[in-house]
Amino acid sequence: MTESTISETQPTLIEVKNLVKYFPVRAGLLQRVVAWVQAVDDVSFFIRKGETLGLVGESGCGKTTVGRTMLRLIEPTSGSVLFEGKDVFSLRGSELKAIRRDMQIIFQDPYASLDPRLPIGESVMEGLNIHQIGTPHERFEIMIDMLKKVGLEDYHARRYPHEFSGGQRQRIGIARALALRPKFIICDEPVSALDVSIQSQVLNILKDLQAEFGLTYMFIAHNLSVVEHISDRVAVMYLGKMVELASRDELFSNHLHPYTQALMSAVPVADPHLKRERLILKGDVPSPLNPPKGCRFHPRCPLAIEQCSQEEPPFLELRPDHWVACWVAK
């Protein structure tokens with residue numbers, strides 16, 4: 001693990017303000033809307049230029065929805081995303097197409113995200129063709145260069161996705177995201193489906209590329225050890241809400257929210273002679289169709305007080321650059 005080199009004075013590259021995404025639930029012959037899945041509900045944060053923001057939480061908490069909505073792969077319900085001062089949600093046509101060059105994504109499933117009918121060289125060049133960057137020969141040279149940067153060879157360009165291993169396919173996904181030389185990349189659990197040895201290789205590739213091209217990442221993951229290795233700051237989500245956000249070192253050494261404490265207590269310890277005290281959460285994650293009133297974590301929280309079930313806690317900066325949404329956190 002390396003020390004973060006990102007200063008708090010670094011300019012903000014992307015800012016998410018009050019992001020909301022509800023999905024309709026339809027029923028009946030006329031398919032009327034009978035309920036709403038509150039996947040993301042009033043989430044706000046910012047990412048500094050050149051840093052990696054880790055986004056963690058249980059399955060279904062809204063991490064991937066946040067990422068895809070930021071890129072407008074999913075249209076938002078409300079809120080705004082400012083990229084270098086431009087509101088992404090207000091852009092249309094050529095302006096939206098232009099800003100998408102600077103905002104890319106690496107998908108979780110490297111096989112499903114590649115067209116099985118196309119050689120992988122064509123997949124990597126697809127964005128270059130859409131944006132009409134350079135001549136056909138220049139696009140080909142860029143594609144070969146990107147493949148080599150992720151550890152593949154030029155002859156791989158003629159092969160199809162099914163001819164590669166999972167780790168190689170994820171490298172292809174990285175090369176495709178990098179081909180347009182973006183400024184910001186969302187990494188949506190890019191190593192969760194890979195073997196541990198391959199995970200470290202892919203993570204090292206991402207860090208090397210970040211240093212070479214000055215990239216900014218939002219790294220979505222379940223594995224807290226991976227997040228600790230690659231992130232400068234870490235945000236924790238629970239049931240569509242942001243509950244804690246702090247620098248990596250601060251969050252892992254001084255986590256304030258009870259949910260973050262429970263997550264940290266589940267991280268395995270490398271020393272077999274040391275035992276970490278587990279904080280076992282009671283009950284199951286409530287449904288986003290009908291989230292609890294007040295703090296959404298209060299039905300499972302061991303520290304909950306009466307106020308937690310009545311009022312939703314604000315997301316406040318309790319310490320310098322350490323934000324928490326909790327009535328009992330100090």
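**View 1. Lys 17 and Ser 80 face each other across a strand pair.** In this predicted model, Lys 17 sits opposite Ser 80, which belongs to S4. The two strands involved here are S1, covering residues 12–27, and S4, covering residues 78–83; they run antiparallel and share five bridges. Look also for Glu 15, whose bridge partner in S4 is Leu 82.

View 2. S5 is residues 86–87, and its antiparallel pairing with S4 rests on two bridges. Phe 83 has Lys 86 of S5 standing opposite.

**View 3. Zooming out, four strands make an open sheet.** The order is S2-S1-S4-S5, with antiparallel pairing. S2 (32–48) and S5 are the edge strands, each pairing on one side only. Helix H1, residues 63–70, packs on this sheet and touches S1, S2 and S4. The direction of H1 makes about 110 degrees with that of S1.

**View 4. H3 crosses H4.** Two packed helices are described by the angle between their axes and the distance between the axes. For H3 (residues 120–130) and H4 (residues 136–149), the axes come within 9 Å and cross at roughly 120 degrees. The two helices are therefore oblique to each other, and the crossing of H3 and H4 is right-handed. On the H3 side the contact involves Ile 120, Gly 121, Val 124, Met 125, Leu 128 and Asn 129. They meet Arg 139, Phe 140, Ile 142, Met 143 and Leu 147 of H4.

**View 5. What is buried in H3, and what covers it?** The buried residues of H3 are Ile 120, Gly 121, Ser 123, Val 124, Met 125, Gly 127 and Leu 128. Their cover includes H4 as well as helix H5 (166–178). Once you are past H3, check Gln 132, which has a positive phi near 50 degrees.

**View 6. Eight strands form another open sheet.** Follow them in the order S6-S7-S8-S3-S9-S10-S12-S11; here the pairing is mixed. The edges are S6 (103–106) and S11 (316–319), each of which pairs on one side only. Ignoring direction, neighbouring strands of this sheet are turned by 25 degrees against each other on average. Leu 316 has Val 324 in S12 as its bridge partner. Over at S6, H5 lies across S6 and strand S7 (184–188), and H5 runs at about 175 degrees to S6.

**View 7. Into the largest nonpolar core, around Leu 209.** This core has 58 residues, and the members touching the most others are Leu 147, Ile 185, Leu 206, Leu 209, Phe 219 and Tyr 259. Setting aside neighbours within four places in sequence, what does Leu 209 contact? Its contacts are Lys 149, Val 150, Ile 174, Leu 178, Gly 214, Leu 215 and Tyr 217. A second, separate core holds 32 residues, among them Ile 14, Cys 61, Leu 91 and Ile 220.

How values were computed. Residues numbered from 1 in each chain as written. Predicted model: local features only at pLDDT ≥ 70, side-chain atom pairs only at ≥ 80, totals over all residues. Heavy atoms only, no water. Pairing = 2+ DSSP bridges. Core = buried A, V, L, I, M, F, W, Y, C linked by side-chain atoms within 4.5 Å. Buried < 20%, exposed > 50% of the residue type's maximum accessible area, 1.4 Å probe, protein only. Contact = heavy atoms within 4.5 Å. Axes fitted to C-alpha atoms, helices over the stretch in contact; angles between N-to-C directions. Parallel < 35°, antiparallel > 145°, perpendicular 65-115°, else oblique. Left-handed = near helix turned anticlockwise from the far one by under 90°.
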